[in-house]
Amino acid sequence: APLRRGLARLRRRRLVDDLAFLFRFIGKPADSFYYIKTKQRSERRGSLGFALLLYLWVVVVRVVTPYLTGFVFNPYANPGEIRAENEVVYTLLFLLLWNAANYLVSTISDGEGRLRHVIIGSAYALFPYALLALPIALLSNLLSTNEVFLYTFSVNLMWAWVGLMLFLMVKEIHNYTLGETVRNVLTTLFTMAVMLLTGYILNVLFVQLVDFVTALFNEVRLRG
């Protein structure tokens with residue numbers, strides 16, 4: 001009884017409760033998404049603060065993984081080629097685009113989830129990556145080229161799990177049918193691509209504008 005009361009007191013602390021919910025989420029993801037968006041305050045689980053911690057965990061794992069992956073399976077020939085800042089930017093860009101695109105698409109397709117629900121749900125959906133990426137990278141150091149199937153299977157299984165969790169997140173958070181969920185995910189990915197293309201075009205135009213203004217300024221200065 002004292003131990004049970006002590007655990008109950010710990011559960012009242014938000015961070016501890018969110019962490020406990022994370023491991024419940026692994027076993028019952030569909031049910032767990034309900035508790036993220038429920039309007040009953042006493043039943044609600046997950047928080048923006050903990051979601052940000054999960055995103056930070058994902059970014060750190062993404063940066064560290066190339067350094068720990070075995071030479072045989074590492075896309076980089078040597079650690080000097082790894083650009084940690086690029087890994088951070090690409091990961092944060094993906095997270096930003098996914099959350100923004102999914103929320104925008106859902107608002108025009110009768111989705112029930114709010115932006116808060118999408119951010120928290122997506123963070124929990126990425127937990128398989130945060131949990132497994134580093135162990136798989138460490139395991140790769142013990143494998144040879146003859147065992148490439150084991151490494152490839154582990155990586156593919158991890159990403160399949162993440163994909164399934166994101167799919168369930170969209171379905172449960174927005175209360176969609178199976179067909180509506182497929183349509184939403186495909187539209188979200190298309191919207192992300194459009195956002196990337198738009199950003200690239202605007203960046204090119206901005207660079208050209210800066211070059212033009214700089215050249216014009218230098219021309220005026222030389223003639224003056």
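Student: Hey, quick one to start: is the crossing where H4 passes H5 left-handed or right-handed?
Tutor: H4 passes H5 in a right-handed crossing. Keep in mind that this is a predicted model.

Student: Okay! At what angle do the axes of H4 and H5 cross?
Tutor: Roughly 145 degrees, and the axes come within 9 Å. H4 covers residues 48-68.

Student: And which residues in H4 and H5 meet?
Tutor: From H4 you have Tyr-55, Val-58, Val-59, Arg-62, Val-63 and Tyr-67. In H5 they meet Ala-84, Glu-87, Val-88, Thr-91, Leu-92, Leu-95 and Asn-99.

Student: Where in the chain are Glu-112 and Lys-37?
Tutor: Glu-112 is in the loop between H5 and H6, whereas Lys-37 is in helix H3, residues 29-37. They are 75 residues apart, so this pair links distant parts of the chain.

Student: What about H3 and H6 themselves, how do their axes cross?
Tutor: Their axes cross at roughly 145 degrees and come within 10 Å. This crossing of H3 and H6 is right-handed. On the H3 side, the contact is made by Phe-33, Ile-36 and Lys-37. On the H6 side, Arg-116, His-117, Ile-120, Gly-121 and Tyr-124 take part.

Student: Which other helix packs with H6, and at what angle?
Tutor: Helix H8, residues 148-173, packs with H6, residues 115-125, at about 155 degrees. Their axes are 9 Å apart.

Student: Are H6 and H8 roughly parallel or antiparallel to each other?
Tutor: Roughly antiparallel, because angles over 145 degrees count that way. The crossing of H6 and H8 is right-handed.

Student: Which residues make that contact between H6 and H8?
Tutor: H6 brings His-117, Val-118, Gly-121, Ser-122 and Ala-125. H8 brings Val-162, Met-165, Leu-166, Met-169 and Ile-173.

Student: Last one! Which residues form a nonpolar patch on the surface?
Tutor: Leu-197, Tyr-200, Ile-201, Leu-202, Val-204 and Leu-205 form that patch. Together they have about 590 Å² of accessible area.

Student: And which helix is Leu-197 in?
Tutor: Leu-197 is in helix H9, residues 178-223.

Note on methods: Residues numbered from 1 in each chain as written. Predicted model: local features only at pLDDT ≥ 70, side-chain atom pairs only at ≥ 80, totals over all residues. Heavy atoms only, no water. Patch = residues over 30% accessible without salt bridge, like charges linked within 9 Å, V, L, I, M, F, W, Y side chains within 5 Å. Areas by Shrake-Rupley, 256 points an atom, 1.4 Å probe, with all protein chains shown as cover. Salt bridge = Lys/Arg side-chain N within 4 Å of Asp/Glu carboxyl O. Helix = DSSP H or I, 4+ residues; strand = E, 2+ residues; numbered from the N terminus. Axes fitted to C-alpha atoms, helices over the stretch in contact; angles between N-to-C directions. Parallel < 35°, antiparallel > 145°, perpendicular 65-115°, else oblique. Left-handed = near helix turned anticlockwise from the far one by under 90°. Contact = heavy atoms within 4.5 Å.
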